Amino acid sequence: MDLQSRVQPVLKVAREHAHAVDADGRFPQEAVSALRASGLLGLTLPTDVGGLGGGPSELVEVVSLLAGACGSTSMIYLMHVSASMPVAAAPPAGMPRLLEDLASGRSLASLAFSEAGSRSHFWAPLSRATTTRDGIHINAKKSWVTSAGHADVYIISTGTADAETVDLFAIPAKMSGLSVDRPWSGMGLRGNSSSPMTINVDTSEEFRLGAAGGGFDLMMGSVLPWFNLGNSAVSIGLSRAAVDAAVRHTVGTRLEHLDQSLSALPTIRAQLAKMSIDLANASAYLDQAAARVADPQDDTPLFVLGSKASSNDAALRITDAAMRVCGGAAFSEHLQIDRYFRDARAGHVMAPTSDVLYEFYGRAITGRPLFDAPEAAAETRATASTGAAA
């Protein structure tokens with residue numbers, strides 16, 4: 001699989017428009033169009049539906065490269081991949097060509113999981129489907145939907161009708177009853193259109209992914225591992241871009257009164273070294289996590305949990321150091337380090353948040369169940385499916 005020939009044209013377009021996307025807070029339509037044409041939207045989907053058959057390591061490679069070019073584009077891409085994986089695991093009968101459309105680039109997908117009432121606990125939607133004479137009605141308020149108003153299909157979560165379980169549904173954007181509640185405006189990832197949406201639709205069992213009540217297992221088994229790896233890769237890509245920009249600036253900028261570069265200062269070199277080592281450590285951990293997901297071991301669930309938290313926190317430290325090292329030049333935007341700094345803050349608070357992941361990791365290594373009451377009914381499923389996913 002020649003990924004470079006596919007990804008390089010996309011990177012060129014993404015870099016070209018990244019500053020304007022950030023400054024104007026607009027959806028990176030040019031880069032997304034390039035992604036559609038590249039075949040990369042089918043990176044992790046099977047070859048028999050037109051995908052590239054790539055695995056976790058390929059995902060990490062592509063997402064980190066995209067993040068270095070445009071953070072918003074990388075998150076849009078990651079959400080498409082994360083939404084495609086449960087479709088591959090349990091295709092909805094009512095959309096028989098959905099996988100082919102996702103793989104070919106004809107359809108851009110996104111996840112609609114988070115709700116204000118359960119916040120970053122995305123696995124516990126408060127909305128609940130109801131059974132009607134003609135099928136199933138879904139009325140849900142989703143709080144963060146990447147590519148809101150731009151995706152062609154949304155994979156949404158909701159409580160199962162007449163049961164204390166969760167379902168996932170594939171909802172085409174053209175279906176009546178979908179609306180974007182307000183424009184997206186954020187500190188970072190300003191072009192990814194992560195707006196709240198109202199989903200008030202009449203659908204049917206044919207649009208459900210898998211059997212009734214199977215949504216939780218799909219979330220944990222077919223979404224979480226890929227999302228955590230990809231989100232980690234976004235952090236790594238932003239961190240690498242920040243390190244590279246800081247090195248270029250400090251080597252190429254001179255203190256004329258001393259006739260030396262900024263990098264001649266021992267304090268500057270020490271900060272650059274710490275940033276580089278931090279990046280190398282986080283990258284190595286992520287590579288190991290990707291290998292564990294591709295070839296599951298007993299400790300794979302720990303890597304699934306730990307990869308996002310560790311990479312997100314490393315990105316906070318590295319981009320903060322890059323701002324300090326480059327001083328006013330970074331603050332003034334022309335190095336774009338301020339964009340990496342702002343974009344890097346999103347991963348830490350994106351569900352599952354770093355604090356939640358550290359708590360889960362701590363539970364796992366101390367022999368506690370991942371979920372306490374009132375979520376005890378999900379506890380066995382969570383432990384089993386996280387292990388299987390990974």
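Begin with strands β4 and β5, which pair in the antiparallel sense over 7 bridges. The model in the viewer is a predicted one.

Select I156 and then F169 in β5, which is the bridge partner of I156. With the three strands displayed, the open sheet can be read in the order β1-β4-β5, and its pairing is mixed. The edge strands are β1 and β5 (166-172), each of which pairs on one side only. Direction ignored, neighbouring strands of this sheet are turned by 25° against each other on average.

Remain on β1 and show its side chains. In a regular strand the side chains alternate between the two faces of the sheet. In β1, A109 and L111 point one way, while S110 and A112 point the other way. Are these residues buried or exposed? All of them are buried.

Now bring in the helices that contact this sheet. Helix α4 lies across β1, β4 and β5 and runs at about 80° to β1. Helix α6 also lies across β1, β4 and β5, running at about 75° to β5.

**The antiparallel sheet**

Move to the sheet of 4 strands, which is open, has the order β2-β3-β7-β6 and is antiparallel in its pairing. At its edges stand β2 (130-131) and β6 (178-180); each has a single partner strand, so one side of each is left without a neighbour in the sheet. Select β3 (residues 136-145) together with β7 (residues 195-203): 8 bridges join these antiparallel strands. Within the pair, N139 has N200 in β7 as its bridge partner.

Then select T130, which is found in strand β2. With a relative accessible area of 39%, T130 is partly exposed. Leaving aside neighbours within four places in sequence, T130 is in contact with G135, I136, H137 and A161. A distance may also be displayed here: the C-alpha atoms of T130 and D162 are separated by 7.4 Å, although the two residues are 32 apart along the chain.

**Helix α2 and its surroundings**

Select helix α2 (residues 29-38) and colour its buried residues, A31, V32, A34, L35 and S38. Viewed down the axis of α2, these buried residues fall within an arc of 155°, so they line one face of the helix. Just after α2, inspect G39, which takes a positive phi of about 85°.

In soluble globular proteins, nonpolar side chains tend to be buried together. The largest nonpolar core of this model holds 126 residues, of which L40, Y77, W123, I138, I155, M275 and I337 touch the most other members. Helix α6 supplies the largest share of this core, 18 residues. Centre the view on Y77: leaving aside its neighbours within four places in sequence, Y77 is in contact with L35, L40, L41, L43, L59, V62, V63 and L66.

Select helix α7 (residues 266-294) next. At 1.5 Å a residue, its 29 residues should span 42 Å, and its end C-alpha atoms are 42 Å apart, which agrees. The buried residues of α7 include M275, together with D278, L279 and A282. What covers the buried residues of α7 includes α3, α6 (215-252) and α8 (300-331).

Step back to L265, found in the loop between β9 (260-261) and α7. L265 counts as partly exposed, at 26% relative accessibility. Not counting residues up to four places away in sequence, L265 touches L255 and Q260. The C-alpha atoms of L265 and L255, which are 10 residues apart along the chain, are separated by 9.9 Å.

**Helix α9**

Finish with helix α9 (residues 337-349). How many of its 13 residues are buried? The helix is mostly covered, with 10 of them buried.

Conventions:
Residues are numbered from 1 along each chain as its sequence is written. This is a predicted model: local features need pLDDT of at least 70, side-chain atom pairs count only at pLDDT 80 or more; totals for chains, interfaces and linings use all residues. Side-chain values use heavy atoms; hydrogens and water are left out. Buried means under 20% relative accessible area, exposed over 50%, partly exposed in between (1.4 Å probe, protein chains only). Helices (H or I, at least four residues) and strands (E, at least two) are DSSP runs, numbered from the N terminus. The arc is that of the directions from the helix axis to the C-beta atoms. The expected span of a helix is 1.5 Å times one less than its number of residues. Contact means heavy atoms within 4.5 Å. Two strands pair if DSSP finds at least two bridges between them. Axes are lines fitted to C-alpha atoms, for helices over the stretch in contact, and angles run from 0 to 180 degrees between N-to-C directions. A nonpolar core is a set of buried Ala, Val, Leu, Ile, Met, Phe, Trp, Tyr and Cys residues joined through side-chain atoms within 4.5 Å.
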